[in-house]
Amino acid sequence: MLKEVILLEEVYKLCCLHAYTTDSEEIMGLLLGLANEDKTRLFISSIVITPRKVKEDSRVEIDPAILLQGSEAAEKLKEETGKPIQCIGWYHSHPKITIPPSHVDLNTQLNFQKYMDKSFVGLIFGSYQTLHNHCVRTEAIAFQTEVLKDKQRKERIITMTVRPSLDYPVKCMVEHCLGQFTNLCKTLIEEEKREYDQAQSNLLPDQILGKIHNLAVHNKTLTKLMELYIDPIMASLVPHK
Ligand SMILES: [Zn+2]
């Protein structure tokens with residue numbers, strides 16, 4: 001039975017950065033890593049950031065194509081490292097809502113445990129949690145789904161530990177993880193581009209003013225993305241002195 005999840009600090013940082021990209025919608029991604037022999041401990045060394053299929057409040061959907069993307073990335077890392085890396089977990093965010101997994105989360109997680117691996121783990125990042133003194137904090141949990149005797153589903157909280165990557169000989173896994181920072185920036189831009197294309201396609205060819213308006217909104221959003229997300233993400237990659 002899974003007891004502990006160890007995350008490389010880059011993985012933890014990247015999941016948090018991904019969760020901070022929006023305070024109104026859930027984000028999600030997959031976790032790559034390996035399990036020890038008796039599957040009591042997981043070591044998470046990288047992630048795969050996935051674009052949202054449906055952009056809606058408090059809702060994440062897992063596309064089978066995304067799972068395939070996770071397995072392919074794991075396969076590639078397995079070849080490069082010679083280690084049995086697999087797609088071994090998923091993470092998503094709960095912006096402004098309580099951190100425990102919802103019924104949908106518990107069912108999704110149970111399916112992963114059944115069809116992917118029994119040590120498959122779910123992480124939830126509770127971002128933008130406001131405290132009484134108006135401070136905002138982030139909480140994170142790791143969980144699996146347990147089926148009780150009466151068939152009810154319940155979460156089982158797993159110990160989560162964040163460790164410096166320098167403690168492990170995992171250079172190329174860290175490189176893959178850092179590459180995902182770039183992917184995060186790309187994903188944000190792609191999502192905005194999709195919304196812009198959708199808005200433009202809703203207009204008739206002679207609705208010129210509408211098109212100019214959409215373009216202005218698109219440019220404003222891209223500038224905001226640069227200022228509020230992409231610049232800080234890049235700044236976080238500069239090593240501390
Ligand atoms: Zn959830």
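Predicted model: local features only at pLDDT ≥ 70, side-chain atom pairs only at ≥ 80, totals over all residues.
Ser-93 stands opposite Phe-125 in strand 5. Strand 4, residues 86–93, and strand 5, residues 121–130, are paired in the parallel sense over five bridges. Helix 3, residues 103–115, packs on the sheet and touches strand 4, strand 5, strand 6 (136–147) and strand 7 (153–163). The direction of helix 3 makes about 55° with that of strand 6.

## The barrel

The strands form a closed barrel of seven, in the order 1-3-2-4-5-6-7, with mixed pairing. From one strand to the next, the twist averages 40°.

| Strands | Sense | Bridges |
|---|---|---|
| Strand 4 and strand 5 | parallel | five bridges |
| Strand 5 and strand 6 | antiparallel | seven bridges |
| Strand 6 and strand 7 | antiparallel | six bridges |
| Strand 1 and strand 7 | parallel | five bridges |

Individual residues mark these pairings. Between strand 5 and strand 6, which run antiparallel, Gly-126 stands opposite Glu-139 in strand 6. Phe-143 has Ile-157 of strand 7 opposite.

In the hairpin of strand 5 and strand 6, five residues lie between the strands, and His-134 takes a positive phi near 70°. Strand 6 and strand 7 also form a hairpin, with five residues between them. In the turn of that hairpin, Lys-151 has a positive phi of about 70°.

Helix 4 covers residues 171–201 and lies across strand 1 (4–8) and strand 3 (41–49). It runs at about 35° to strand 3. Helix 4 also packs with other helices, which are taken in turn below.

How do helix 1 and helix 4 cross? Their axes come within 10 Å and cross at roughly 10°. Helix 1 and helix 4 are therefore roughly parallel to each other. On the helix 1 side, the contact is made by Glu-10, Val-11, Leu-14, Leu-17 and His-18. On the helix 4 side, the contact is made by Val-174, Cys-177, Leu-178, Gln-180, Phe-181 and Leu-184. By class, these are eight nonpolar, two polar and one charged residues.

Helix 2, residues 64–81, packs with helix 4 at an angle of about 150°, and the axes are 10 Å apart. That angle makes helix 2 roughly antiparallel to helix 4, because angles over 145 degrees count as roughly antiparallel. The crossing of helix 2 past helix 4 is right-handed. Here Leu-77, Glu-80 and Thr-81 of helix 2 meet Cys-172, Met-173 and His-176 of helix 4. The contact of helix 2 with helix 4 has three nonpolar, two polar and one charged residues.

At what angle do helix 4 and helix 5 pack? Helix 5 spans residues 208–236, and the angle with helix 4 is about 170°, with the axes 10 Å apart. Helix 4 and helix 5 are therefore roughly antiparallel to each other. Helix 4 passes helix 5 in a right-handed crossing. The residues of helix 4 in this contact include Phe-181, Leu-184, Leu-188 and Tyr-196. Those of helix 5 include His-218, Leu-222, Leu-225, Tyr-229 and Ile-233. The residues of this contact divide into 12 nonpolar, four polar and two charged. Phe-181 and Leu-184 of helix 4 are listed in the contact with helix 1, and they are also listed in the contact with helix 5.

## The two domains

The domain assignment of the protein chain gives domain 1 (4–168) and domain 2 (172–236). The C-alpha centres of domain 1 and domain 2 lie 25 Å apart. The contact takes 18 residues from domain 1 and 17 residues from domain 2.

Which element gives the most to the side of domain 1 that touches domain 2? Helix 1 does, with six residues. Helix 1 (9–20), strand 3 and helix 2 each supply at least two residues of that side. By class, the residues on this side of domain 1 divide into eight nonpolar, six polar and four charged.

Technical notes. Residues numbered from 1 in each chain as written. Pairing = 2+ DSSP bridges. Helix = DSSP H or I, 4+ residues; strand = E, 2+ residues; numbered from the N terminus. Axes fitted to C-alpha atoms, helices over the stretch in contact; angles between N-to-C directions. Contact = placed C-beta atoms within 7 Å. Parallel < 35°, antiparallel > 145°, perpendicular 65-115°, else oblique. Left-handed = near helix turned anticlockwise from the far one by under 90°. Nonpolar A, V, L, I, M, F, W, Y, C, P; charged D, E, K, R; others polar. Domains from an automatic or database assignment.
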